[in-house]
Amino acid sequence: MIPEYIPQEIEKALQKKWLEEDRFLAKPDNREKYYCLSMFPYPSGKLHMGHVRNYTIGDVISRYKRMNNFNVFQPMGWDAFGLPAENAAIANKVSPKEWTNENIEHMKKQLVALGLGYDWSKELRTCEPSYYKWEQLIFKKFYEKGLVYRKKSLVNWDPVDETVLANEQVIDGKGWRSGAQIEIKEIDQWFIKITEYAEELLNSLEEVDWPENVKTMQKNWIGKSHGAEIKFKIKDTKEFLTVFSTRPDTIFGASFIAISPNHEIALDLAKKDIQISDFLQKCKEVSSAEADMAKAEKLGIDTGISAIHPLTNKEIPVWIGNFVLLDYGTGVVMGVPGHDQRDFEFASKYSLNIIQVISNDNEEDLPIISEGTLINSEKYNNLSSKDASIKITNDLTDKDLGCGLVQYRLRDWGVSRQRYWGCPIPVIYENGTPRIVDENELPVELPELPENSAPIPLSQNKDFYEISSDIQRETDTFDTFMDSSWYYARFTSADNNESVFDKNSSYWLPVDLYIGGIEHAILHLLYSRFFHKALRDMDMVEGNEPFKKLLTQGMVLKDGAKMSKSKGNTVDPQSYIDKYGADTVRLYMMFTAPPEQSLEWSESSVEGASRFLKKIWNLIIERRFEEIKEPSSFSEEEKALRRKTHTTLKKVTNDFEARFSFNTAIASIMELLNFIPEKFKSQETSESEKFCLNETIIIILKMLNPIAPHISEYLWNAFYDQNPQEGIESSWPEVNQDLLEISEFELVVQINGKVRGKVIASIDSDQSEIEELACTIENVSNNLKDKEIKKIIYIKGKIVNFVI
RNA sequence: GGGGAUGUGGUGGAACUGGUAGACACGCUUGGCUUAGAACCAAGUGCCGCAAGGCGUGGGGGUUCGACUCCCUCCAUCCCUACCA
């Protein structure tokens with residue numbers, strides 16, 4: 001009777017062993033290093049499928065690299081500050097700290113149970129003072145470098161709960177808890193000048209090995225555009241309204257100016273004009289999220305003010321438009337309805353002039369968005385858009401009414417959050433004047449909450465903020481993106497309390513492979529890149545980029561949608577780990593879809609993964625390695641198995657190395673297993689068959705080890721039994737090139753591109769021999785009968801195509 | 001609104017550089033084993049058709065001897081959109 005495969009037993013024992021022998025502890029040595037990092041999780045309570053997928057990919061690659069003699073560093077930590085902890089605290093009457101730490105303990109056990117090989121000696125929790133102390137110090141250094149400033153900025157305000165809401169807490173313009181109509185409110189906030197690095201963030205994308213789509217997203221987000229600043233004089237005053245336009249060639253089509261509802265002029269007018277003040281009130285009722293603003297109906301109101309067109313000197317009306325963002329550009333736009341979709345809609349709605357100034361052969365109906373030839377533009381008529389843009393910009397510059405300008409879409413990073421569960425911003429106000437806390441007073445610790453208390457905002461915690469009657473602490477905390485922008489570097493020195501980054505950081509950095517969800521393609525990755533560059537300029541880290549290579553994994557879906565509690569389509573990975581074991585879950589995750597694509601969860605496919613491991617188990621568990629001298633000759637069947645084994649190894653190696661294509665790697669291992677002839681497996685097999693089977697078993701176990709490390713290591717040890725051999729992890733097998741050579745192949749014969757037959761051909765045949773051979777197929781010769789052959793195409797080793 | 005992806009059998013997916021579409025697996029059907037079931041083993045399985053053959057990679061068009069792959073266009077779904085992480 002074959003012993004049964006009970007994954008729970010062997011997995012637990014091996015995990016214990018790995019921890020006891022510090023298998024995954026990493027120290028600098030003279031091997032090539034490989035820093036493999038998976039995005040650390042928010043400790044929400046338990047692992048979800050996205051985590052399992054992310055971390056399995058990272059672990060598979062780490063184990064593979066380790067087998068290839070790299071010094072692998074794979075740490076793990078916790079992005080522990082954030083909104084959900086506060087929500088849970090209110091709902092469950094536990095402190096955010098307690099809730100978070102309990103979640104971490106549970107999730108850490110889950111990670112261990114998945115067999116993930118982390119160096120736990122470098123574990124980080126961003127909510128610990130020992131971590132955020134350094135974040136406060138980095139902020140201080142940014143401040144000293146002139147990268148930090150304070151500015152008024154917009155937030156979603158819930159007037160009932162008297163609190164600032166995150167965008168996701170605003171549903172259809174209402175607060176999620178109170179249901180009250182939210183308001184856009186302007187408050188003082190801290191900003192970091194990420195725009196100072198805009199150009200470098202754009203250019204150094206060329207240095208990294210990232211997916212093109214992520215690079216494109218970042219490029220578009222930074223949004224470098226060339227255009228012109230144009231000044232429109234306000235009638236009867238000496239003041240100007242300055243607009244930025246990427247299309248100065250369309251300036252003769254400008255028929256209105258639109259200013260932001262938060263623009264100074266709008267605010268001034270609202271004081272006197274009840275209609276305008278009503279309009280501004282209405283504008284405040286749309287959440288500040290970009291998607292909401294863009295979807296909201298375009299609304300406007302005439303200010304009654306006129307502006308003077310800088311080139312025609314005609315008067316054009318100034319409107320307030322709810323679609324104009326104060327934070328972007330100058331907060332004023334020039335409306336060219338003939339050549340801009342949004343302006344066209346706005347002008348049509350409010351019966352403003354629509355003037356065509358560009359003609360284009362391909363487009364007839366206004367608005368014509370693309371470039372073309374100028375018309376109705378006085379002396380610029382008949383110029384191309386490009387030439388006209390240059391000429392008009394030059395002429396405006398001469399008149400001192402404008403200038404050419406490079407503009408970025410990227411805005412400075414607002415890091416203030418009005419919340420409790422975050423890193424306190426280390427600032428003290430003395431008589432209202434801010435100053436950063438001295439280094440020796442860091443960290444500014446987050447105050448503990450009274451027992452069973454809901455989180456009290458720092459602004460209501462007098463014990464915290466009041467140092468004396470005229471000295472107060474800042475009560476905002478940092479955006480949690482701050483916490484996650486530099487953790488990759490801190491991991492290298494996580495156990496060092498004396499300095500933020502020690503000499504290990506220059507050994508391990510940059511991260512060789514960073515793995516995480518595609519949803520982080522812009523914000524998190526951009527902020528981290530900015531941090532790295534700023535830290536580099538302060539001589540704290542080396543190199544220009546934090547993440548050399550990036551792997552963006554797709555989402556785990558159920559019924560075609562992202563798993564979420566609100567949709568009720570979540571699947572808890574723990575129940576599958578309990579039922580099938582970690583190896584099956586890992587195998588399933590890797591087999592079901594390529595890493596970059598989204599993965600549709602399927603219950604029954606998990607069974608398939610489990611079945612495959614059982615087959616491997618049943619094949620190997622009772623077999624023992626025997627020292628057999630390599631036979632001098634092999635039968636055809638034996639040769640075929642050896643060739644299959646080594647072509648599989650070659651494919652799997654390539655899939656791991658160059659493509660991260662684990663699903664196809666697993667498929668070929670399955671194919672190899674199916675290929676082993678029955679009689680090789682029987683007890684009465686010959687010596688040479690046994691030799692070949694041994695070779696195949698060894699290679700299968702090695703190939704399987706990164707993906708299913710428990711079963712493969714267990715079987716490896718069982719297979720070698722009393723004869724001590726190298727550990728399964730000590731090396732990746734080598735392809736025997738001699739075994740790959742083939743002399744024959746299956747020739748596909750096509751007529752006009754349609755397959756008409758197949759025949760075994762020699763690889764060395766020339767085209768005429770191939771043609772002759774192809775014509776021996778009855779179906780082919782029948783189809784070619786009485787037909788004029790126009791052309792014959794032969795692709796060596798693949799197909800021959802007769803064109804008739 | 002803007003930006004980025006994806007679309008192939010009943011299902012997940014494969015086809016890597018323009019060269020046999022559907023590897024591998026799930027499911028299903030039939031048979032074996034079994035008192036029965038589970039498990040396991042064997043065979044079959046894109047669609048239409050008795051067959052010959054024809055059709056087939058979201059829809060339409062194009063380039064090519066040859067297109068899942070390249071180009072144009074339309075449609076659907078998903079992700080991000082600066083305070084979810």
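How many bridges join β33 to strand β34, and do these strands run parallel or antiparallel? In this predicted model, 5 bridges join the two strands, which run antiparallel.

View 1. Strand β34 comprises residues 799-803. Ile795 has Ile799 of β34 as its bridge partner.

View 2. The order of the 4 strands is β32-β31-β34-β33, with mixed pairing. The edge positions are held by β32 (754-762) and β33 (791-795), each of which pairs on one side only. On average, neighbouring strands are turned by 20° against each other, direction ignored. Helix α26 (residues 767-775) packs on the sheet and touches β31 (744-751), β32, β33 and β34. The direction of α26 makes about 75° with that of β34.

**View 3. The interface of domain 1 and domain 2.** Among the domains into which chain A is divided are domain 1 (7-130 + 485-573) and domain 2 (141-193 + 412-480). Their centres, taken over C-alpha atoms, are separated by 27 Å. Domain 1 contributes 24 residues to the contact and domain 2 contributes 25 residues. Together the two domains bury about 2,200 Å², of which 73% lies on carbon and sulfur atoms. Phe81, Leu83 and Glu86 supply 26% of the area that domain 1 buries against domain 2, more than any other three residues.

**View 4. Polar features and helices at the interface of domain 1 and domain 2.** Across this interface 1 salt bridge is found, and 6 residue pairs are in polar contact. On the side of domain 1 that touches domain 2, α3 (83-92), α4 (96-113) and α17 (523-537) each supply at least two residues. Helix α3 gives the most to that side, with 6 residues.

Conventions: Residues are numbered from 1 along each chain as its sequence is written. Chains are lettered from A and ligands numbered from 1 in the order in which they are written. This is a predicted model: local features need pLDDT of at least 70, side-chain atom pairs count only at pLDDT 80 or more; totals for chains, interfaces and linings use all residues. Side-chain values use heavy atoms; hydrogens and water are left out. Two strands pair if DSSP finds at least two bridges between them. Axes are lines fitted to C-alpha atoms, for helices over the stretch in contact, and angles run from 0 to 180 degrees between N-to-C directions. Contact means heavy atoms within 4.5 Å. Domain bounds come from an automatic or database domain assignment. Buried area is the accessible area (1.4 Å probe) that two parts lose on being put together, summed over both. A salt bridge is a side-chain nitrogen of Lys or Arg within 4 Å of a carboxyl oxygen of Asp or Glu. A polar contact is a pair of N or O atoms within 3.5 Å; within protein, one must be able to donate a hydrogen and the other to accept it, and residues adjacent in sequence count only if both atoms are side-chain atoms.
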